[in-house]
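Here is a short tour of the structure shown below. Keep it open beside you as you read.

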Amino acid sequence: MDEFDVIIVGAGPAGASCARQIMEKNPSLSVMMFDRREELGVPVRCGEGLEQAAEDYTGPIPKRAICKYIKGARVYAPDGRFLEADMTKMAGGRGGYVLDRKVFDKWLAFEAVKKGATVQCDTLITDLIVENGWIRGVRGINMGKEIVARAKVVVCSTGAESRLGMQSGLKTFCKAQLVDTCVEYEMTGSLADEEFIHLMLGSDIAPRGYAWIFPKGDGIANVGVGVIPSPDPMKTALIYQEKFLKKYAQFFDGKRNIMEIKGGIVPVGDLMKDMVTNGFLVCGEAAHHVNPIHGGGIKEAIVSGQLAGDVVAGALGKNDFSKQGLSSFNPLWWEVRGNHLRNVEKLREVFEKFSDKDLNDLVDALTPEDLIDFSRGQKLGTLAKILLRKPSLMFLAKKLL
Amino acid sequence: MSVGVFNLDIKGNKWDLDREKCIKCGACVAVCPFTALELPEFPEVNEKCIFCNICAMACPVDAIKVVKTNKSAVVDKSTKDISTLSKM
Ligand SMILES: Cc1cc2nc3c(=O)[nH]c(=O)nc-3n(C[C@H](O)[C@H](O)[C@H](O)COP(=O)(O)OP(=O)(O)OC[C@H]3O[C@@H](n4cnc5c(N)ncnc54)[C@H](O)[C@@H]3O)c2cc1C
Ligand code: SF4
Ligand code: SF4
């Protein structure tokens, strides 16, 4: 049986960032990342959009992991009119990227490995070893063989798909009403402006969520929708995706060359309050650390993983990896990210109540800067003021004030 | 790990996966409140399933069919959460 200081389950952006941070803080620690995938980053379940500001945390992203540099976003109201937020013209002046996550995820893991962490793919972790209220390690299957490994701390960064975290007793479970279900095609023949990502709103194409075109260059784009789950088989993400392709047919060459079909869910709320227990910590999308409006989870996973790495390294330094020893992760994450994301969630709750007409009207009332502020959970008062002017929406203003 | 199958039939209550439609995305596994699904490759259901239909709701491509005709055949572990959901 193997023993490590830290086992990290899931070598996505959260897990890899956590491993790298632990090694940076204390290179003498032994850190093992297990991932069920046969190839890190594959299959891609993502639109691959990332704001450039993420490089404050990762350092410069290598060119080979970037498909397209993006200036900002166009957000389309249900009637087709759009607001353009050119981030290069705003404070900070930085745009974003559409990545190649098959390369990006491997690069992040490699950065951790360069610092001394170890990674083992094709290892499905099936169980946490729970002893007297402590998590002491994991059991799993590595390339067909059963494995058992013990550690002082187990970090769960398994993304939204996994149920492993539930075995710790923490509330990692994604409630169905608080996830969006998504379908995405990587396709050729996109005619949309490649300097921007395109986000389309409307109950006819994406109830509660939105539809998107994220250009990867040369007319290749990630094209998808995320919608609220519904028991009606006529309201699946796939059906909305096809409606979207029809409604915005002018953005495609009509040849339907689809190179990849991806699906998945994104948590859009229910940010976890308590993310640690004895010998265990959950971070990234597994802890629902995702922007509840636009579903962006890569940067949130990186920040969450890094903060988790700081806390785990600190706890090991003090030789206290009990719930108490790890508990500083809760206030730390909430201070750095949680309070912003909770504001974004409030906005999402308000937008959810809007009719298509309200959304159309909003395009007239907002500036591009407002859009960026909202996506960061700032200036909620601006929206509240607009709502107060409309008798039908006044009741929603309360939520924001 | 419980042993999973692609089709479950407990006294007329059914859970069926259409493997032709399934794109192996794992959405169903993530939302099942009873850890009744595992995703070795395709999702597999086990006897913990209470036929609540939540996985089918989250499936982006309508690959899961759940039929619940016999309410007494399964231990009803429904929570308030689930009863409100199935009305959505
Ligand atoms: C359709 C879609 C589009 C999206 N578009 C965007 C976007 O454009 N921009 C953006 O920022 N975010 C986007 N997201 C969200 C983003 O993909 C995630 O939030 C992000 O990947 C979370 O990172 P993570 O490291 O927490 O988890 P993940 O990236 O999911 O990594 C988790 C890792 O854990 C591994 N794992 C899981 N369970 C186990 C287990 N039991 N044993 C071993 N290993 C395990 C997995 O194999 C995986 O490698 C999108 C999501 C979807 C579904
Ligand atoms: S029907 Fe309900 S209990 Fe059964 S697998 Fe689906 S979500 Fe789980
Ligand atoms: S949600 Fe649907 S497509 Fe995705 S794995 Fe489950 S059955 Fe397959």
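## Strands of chain B

Strands here are DSSP runs of E with at least two residues, and helices are runs of H or I with at least four, both numbered from the N terminus. This is a predicted model, in which local features need pLDDT of at least 70, side-chain atom pairs count only at pLDDT 80 or more, and totals for chains, interfaces and linings use all residues. Residues are numbered from 1 along each chain as its sequence is written, chains are lettered from A and ligands numbered from 1 in the order in which they are written, and side-chain values use heavy atoms, with hydrogens and water left out.

β2(B) pairs with β1(B), residues 7-10, in the antiparallel sense over four bridges; pairing requires at least two DSSP bridges between two strands. Within this pair, Ile10(B) stands opposite Asn13(B). The two strands form a hairpin with two residues between them, and Lys11(B) in the turn has a positive phi of about 45 degrees. β2(B) is also joined by four bridges to β5(B), residues 64-67, again running antiparallel. There, Leu17(B) has Ile64(B) as its bridge partner.

## Surroundings of two ligands

Being around a ligand means having a heavy atom within 4 Å of it. Ala, Val, Leu, Ile, Met, Phe, Trp, Tyr, Cys and Pro count as nonpolar, Asp, Glu, Lys and Arg as charged, and the others, Gly among them, as polar.

Ligand 3 has 14 residues around it, and Cys22(B), Cys25(B), Gly26(B), Cys28(B) and Cys59(B) come nearest. Its shell has 12 nonpolar, one polar and one charged residues.

## Where the chains meet

The contact (heavy atoms within 4.5 Å) takes 30 residues from chain A and 25 from chain B. About 2,100 Å² is buried between them, 64% of it from carbon and sulfur atoms; this is the accessible area, with a 1.4 Å probe, that the two parts lose on being put together, summed over both. On the chain A side, Arg163(A), Gln177(A) and Pro231(A) lose the most area to chain B, together 24% of what that side buries.
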